[in-house]
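Me: Could you walk me through this structure step by step? I am new to reading models like this.

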Amino acid sequence: EAESLRRAAAARGAEWLETESLLLRSVEEAGSGRWENALALAEKACLQAEQAIHQADNEAEAWKRRVLK
């Protein structure tokens with residue numbers, strides 16, 4: 001889920017800087033058997049991706065209100 005959300009944010013041009021590295025660290029932690037750390041990192045990446053998508057969707061319309069008329 002986290003990776004698909006990250007890709008959705010990236011497709012909007014809104015991926016946050018830390019999201020991909022959080023996912024990579026999550027995979028490393030899982031590979032080392034540190035499941036709680038892996039899950040926490042993946043959850044943080046999901047939250048960041050969801051927030052990035054929300055931000056991008058809002059900005060897709062909000063800029064119009066800021067243009068001088």
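Reply: We can go through the overall fold, the helices and the core in turn. This is a predicted model, in which local features need pLDDT of at least 70 and side-chain atom pairs count only at pLDDT 80 or more, while totals for chains, interfaces and linings use all residues. Residues are numbered from 1 along each chain as its sequence is written, and side-chain values use heavy atoms, with hydrogens and water left out.

Me: How many helices and strands are there in the protein?

Reply: The protein has three helices and zero strands, and the pattern along the sequence reads α-α-α. Here helices (H or I, at least four residues) and strands (E, at least two) are DSSP runs, numbered from the N terminus.

Me: What is the radius of gyration of the protein, next to that of a compact globule?

Reply: The protein has a radius of gyration of 15 Å, whereas a compact globule of 69 residues would have one near 11 Å. That radius is taken over C-alpha atoms, and the globule rule is 2.2 Å times the number of residues to the power 0.38. Along the principal axes, the C-alpha atoms fill a box of roughly 60 × 15 × 15 Å.

Me: Now helix 3, what span should its residues have?

Reply: Helix 3 has 32 residues, which at 1.5 Å a residue should span 46 Å, and its end C-alpha atoms are 45 Å apart, which agrees. The expected span is 1.5 Å times one less than the number of residues. Helix 3 also has a kink of about 35 degrees, centred on A60, where the bend is the angle between axes fitted to the seven residues ending at a residue and the seven starting there.

Me: And Q48 in that helix, is it buried or exposed?

Reply: Q48, which sits in helix 3, counts as buried because its relative accessibility is 9%. Buried means under 20% relative accessible area, exposed over 50%, and partly exposed in between (1.4 Å probe, protein chains only). Leaving aside neighbours within four places in sequence, Q48 is in contact with W16, E18, T19 and L22, contact meaning heavy atoms within 4.5 Å.

Me: Why does A40 count as partly exposed?

Reply: A40, also in helix 3, counts as partly exposed because its relative accessibility is 43%.

Me: Switching to helix 2, which of its residues are buried?

Reply: The buried residues of helix 2 are T19, L22, L23, S26 and E29. Seen down the helix axis, they fall within an arc of 120 degrees, so they line one face of helix 2; the arc is that of the directions from the helix axis to the C-beta atoms. On the other side of helix 2, L24, V27, E28 and G31 are exposed, and what covers the buried residues includes helix 1 and helix 3.

Me: Last topic, which residues make up the largest nonpolar core?

Reply: The largest nonpolar core has eleven residues, namely A2, L5, A9, L22, L23, L41, A45, C46, A49, A52 and I53. A nonpolar core is a set of buried Ala, Val, Leu, Ile, Met, Phe, Trp, Tyr and Cys residues joined through side-chain atoms within 4.5 Å.

Me: What does A2 touch?

Reply: Not counting residues up to four places away in sequence, A2 touches L23, A42 and C46.
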